Amino acid sequence: MTTRETTLTAGDAEVTVAPGNGCRISSLRIAGTELLRQGERYGCFPMVPWCGRTRDGRFRDGGRVHQMPLNSPPHAIHGFARDAEWTTARVSGSEAVFTYDLTDPWPWPGRVTQIVALTEDALTLTLGIETYGDSFPAQAGWHPWFNRTLAESGNPVRIAFEPAWQLERGDDHLPTGHRVDVKPGPWDDCFGMPDGVDVTLTWPGELEVNVRSREQWVVVYDEQDAAVCVEPQTGPPNGLNTDPRLVTPVEPLEASTTWSWTRL
């Protein structure tokens, strides 16, 4: 795996991107404090060309059924761009652009672009998927692992958000299709936010981070001791089958999320 990384700085904020490791954000430091869980599998990775689990790794496009590798049997999870080496297209000041070409096992040729833009008080991530030929269904999103505590003696993070609904989760960890009232955590669940994703993470006495996106779906995962995940995405898990977005020659799929922070 390629080890080169790109680091951007703005004020006392610093973000590091590892294009050779799925173009994941491997580090986000605010005044020297690391926000993201460290490790090759963690940080924050893009979920492309689908988000969460796809049932049995299969999805239908018209009359054809496509089979994806079962990287989390019995399902396929989080796409495969997170396991690929991306190309650094441009780095200028506090912005960097990376690309990844969709190839087998994805049935259609296309390109994914991720733009990473840093300011003194915010990080904006943008994903775009374009096709080189026929239209195809796809999803895009991000899977950040935020540290539960920012210091050994620090207080654990608090998660605050007001979703309109929660998708009922079956025993197979996939949504059943039923919308239910929001249940208390811990969660490994998908929530609907029709006015856009808006989730606040608060480390008492230290930092507050607001995760926003114009997308209407967010998965929250807080079942581990080390970290919590707040995942804005263009559709729910298994969305290639239930709620796909279409990438066409004239209309690529584009999604963005902004994390803004305030010191407490």
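Trainee: Which residues does L125 touch, leaving out those up to four places away in sequence?
Mentor: I25, C44, Q114, I115, V116, W142, A255, S256, T257 and W259. Contact here means heavy atoms within 4.5 Å.

Trainee: What kind of model is this?
Mentor: A predicted one, where local features need pLDDT of at least 70, side-chain atom pairs count only at pLDDT 80 or more, and totals for chains, interfaces and linings use all residues. Residues are numbered from 1 along each chain as its sequence is written, and side-chain values use heavy atoms, with hydrogens and water left out.

Trainee: Back to L125: buried or exposed?
Mentor: L125 is buried, with a relative accessible area of 0%. (Buried is under 20%, exposed over 50%, partly exposed in between, using a 1.4 Å probe and protein chains only.)

Trainee: And where does L125 sit?
Mentor: In strand β13, residues 122-131. Strands are DSSP runs of E, at least two residues, numbered from the N terminus. The C-alpha atoms of L125 and T258 are 6.4 Å apart, although 133 residues separate them along the chain.

Trainee: V116 was on that list. What does V116 contact beyond four places in sequence?
Mentor: Its contacts include L8, V15, V17, I25, F98, L123 and L125.

Trainee: New topic. How many aromatic pairs are there?
Mentor: The structure holds 17. Rings of Phe, Tyr and Trp (its six-membered ring) pair if their centres lie within 6.5 Å; planes under 30 degrees apart are stacked, over 60 edge-to-face, the rest tilted.

Trainee: Why are F59 and W106 called stacked?
Mentor: Because their ring centres are 5.4 Å apart and their planes are at 25°. F59 is in strand β7 (58-61) and W106 in the loop between β11 (95-102) and β12 (110-119), so the pair ties together parts 47 residues apart in sequence.

Trainee: Are those two buried or exposed?
Mentor: F59 counts as buried at 1% relative accessibility, and W106 is buried with a relative accessible area of 1%.

Trainee: What about W145 and Y221?
Mentor: W145 and Y221 make an edge-to-face pair, 6.0 Å centre to centre with 90° between the planes. W145 is in strand β15 and Y221 in strand β22, 76 residues apart, so this pair links distant parts of the chain too.

Trainee: Buried or exposed, those two?
Mentor: W145 counts as buried at 7% relative accessibility, and Y221 counts as buried at 15%.

How values were computed:
Helices (H or I, at least four residues) and strands (E, at least two) are DSSP runs, numbered from the N terminus.
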